[in-house]
Amino acid sequence: MSLSKLVEEGEVYAIEEAVIEAVKNTEPIKITEELINGLKLAGEKFKSGEYFVVDMMQAAETFKEGMKIIKPKLGDTKKEYKGKIVLGTVQGDIHDIGKNLVLTMFEGAGFEVIDLGIDVHKNEFVESVKNDKPDIIGLSALLTTTMLEMEGVIQALKTNNLRNQVKIMVGGAPVSERFAQSIGADSYAPNATEAVSIALKLLGK
Ligand code: B12
């Protein structure tokens, strides 16, 4: 069974061995893409009503197990320090697979990453800007309802006179370039790989 199919079907006990085998002759980034594809297929089945939340959780768990093995191989080489980024999934949203992938890529590229986790209230981002002084805040949202929280975070930063001290990047499946512009974010990235190069440009590096 392909890696993508194993994730889609939630074959959590088979994924570890399959990824270890795949690593022998496939690029880690290609394996990551296959694992992501399996999640997408599971998501489509959920949308069509064929899968229930429990099936999606099983697929997500299988994805995570596969990523545990591949993670150390993404961005193996030590890089020079590039900056500090604070990441979090906005309030009301518990999806973190994409955010964690973004985290892996930023760490691999030489960024210091502070992960605020999931369901993060806008004030937590404000506090983090005050205390951690990041160069960038990366906001993630996977629901059309919670992506509206991103604007709340930007407003809260403005209220606290902190907006000009930090760049804001947004991402997540329902988010778009246009949406990012409409809420006053500095940038949008469609995936984890592009997120790093866009961040570097944003910081003038
Ligand atoms: C896995 C999953 C879950 C898991 C989450 C597990 C976890 N730990 O994350 C569980 C089962 C818990 C779950 C729950 C729910 N889910 Co869900 N879930 C998914 C699923 C199948 C995959 C999401 C995913 O991980 N994709 C893979 C990652 C790698 O992609 P990604 O997140 O988009 O991230 C990439 C980019 O977007 C970008 N990116 C992401 N974040 C960021 C941040 C920054 C700063 C940047 C630059 C880039 C970036 O880079 C990432 C990597 O390349 C999607 C369907 C789908 N096809 O997307 C539904 C989906 C997102 N879920 C959905 C729904 C409805 C729900 C529930 C409400 C279901 C329910 N009735 O309870 C709950 C919500 C709970 C909550 N309050 O958040 C809907 C959302 C519909 C909508 N448009 O609003 C979707 C689209 C399914 C569907 N087709 O209906 N879900």
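**A parallel sheet and its ligand shell**

Biologist: What kind of unit do β3, helix α7 and β4 make?

Modeller: In this predicted model, strand β3, helix α7 (residues 149-159) and strand β4 make a right-handed β-α-β unit. The two strands of that unit also pair with each other, in the parallel sense and over five bridges, with β4 covering residues 167-171.

Biologist: Which residues of β4 stand opposite G138 and S140?

Modeller: G138 stands opposite M169, while S140 has G171 across from it.

Biologist: And which strand is joined to β3 by the other five bridges, with residues 83-89?

Modeller: That is β1, which runs parallel to β3. As one example of the pairing there, G88 has L139 of β3 as its bridge partner.

Biologist: Is β3 mostly covered or mostly open?

Modeller: Strand β3, residues 136-140, is mostly covered, since five of its five residues count as buried by having 20 or more other C-beta atoms within 10 Å. I136, G138 and S140 point one way from the strand, whereas I137 and L139 point the other way, and the residues of both groups are buried.

Biologist: Zooming out, in what order do the five strands come in the sheet?

Modeller: The order is β2-β1-β3-β4-β5, in an open sheet with parallel pairing. Its edge strands are β2 (111-115) and β5 (187-188), each of which pairs on one side only.

Biologist: Which strands does helix α6 touch?

Modeller: Helix α6, residues 122-132, packs on the sheet and touches β1, β2 and β3, and its direction makes about 165 degrees with that of β1.

Biologist: Changing topic to the ligand, how many residues surround it, and which are the closest?

Modeller: The ligand is surrounded by 37 residues, of which the closest are G43, I97, G98, G138 and G171. Two of these have already come up in the sheet, namely G138, which lies opposite M169, and G171, which lies opposite S140.

Biologist: Which element gives the most to that shell?

Modeller: Helix α3 does, with seven residues. At least two residues each are supplied by α3 (28-47), α4 (53-70), α5 (97-109), β3, β4 and α9 (192-202).

Biologist: How is the protein divided into domains, and what distance separates their centres?

Modeller: Domain 1 spans 3-73 and domain 2 spans 83-202, and their centres, taken over C-alpha atoms, are 25 Å apart.

Biologist: Staying with α3 for a moment, is N37 buried or partly exposed?

Modeller: N37, which lies in helix α3, is partly exposed because it has 16 other C-beta atoms within 10 Å. Its C-alpha atom is separated by 17 Å from that of I69, a residue 32 positions away along the chain.

Biologist: Backbone check now: what is phi of D119, and where does D119 lie?

Modeller: Phi of D119 is near 50 degrees, which is a positive value in a residue other than glycine, and D119 sits in the loop between β2 and α6. D119 counts as partly exposed because it has 17 C-beta neighbours inside 10 Å.

Biologist: And what about phi of N161, and why does N161 count as exposed?

Modeller: N161 is not a glycine, yet its phi is positive at about 55 degrees, and N161 is found in the loop between α7 and β4. N161 counts as exposed because it has 8 C-beta neighbours inside 10 Å, and the cut-off for exposed is 12 or fewer.

Notes:
Residues are numbered from 1 along each chain as its sequence is written. This is a predicted model: local features need pLDDT of at least 70, side-chain atom pairs count only at pLDDT 80 or more; totals for chains, interfaces and linings use all residues. Helices (H or I, at least four residues) and strands (E, at least two) are DSSP runs, numbered from the N terminus. Two strands pair if DSSP finds at least two bridges between them. A crossover is right-handed if, with the strands pointing away from the viewer, the path from the first strand over the helix to the second runs clockwise. Two residues are in contact if their C-beta atoms, placed from the backbone, lie within 7 Å. Axes are lines fitted to C-alpha atoms, for helices over the stretch in contact, and angles run from 0 to 180 degrees between N-to-C directions. Domain bounds come from an automatic or database domain assignment. A residue is near a molecule or strand if its C-beta atom, placed from the backbone, lies within 6 Å of it.
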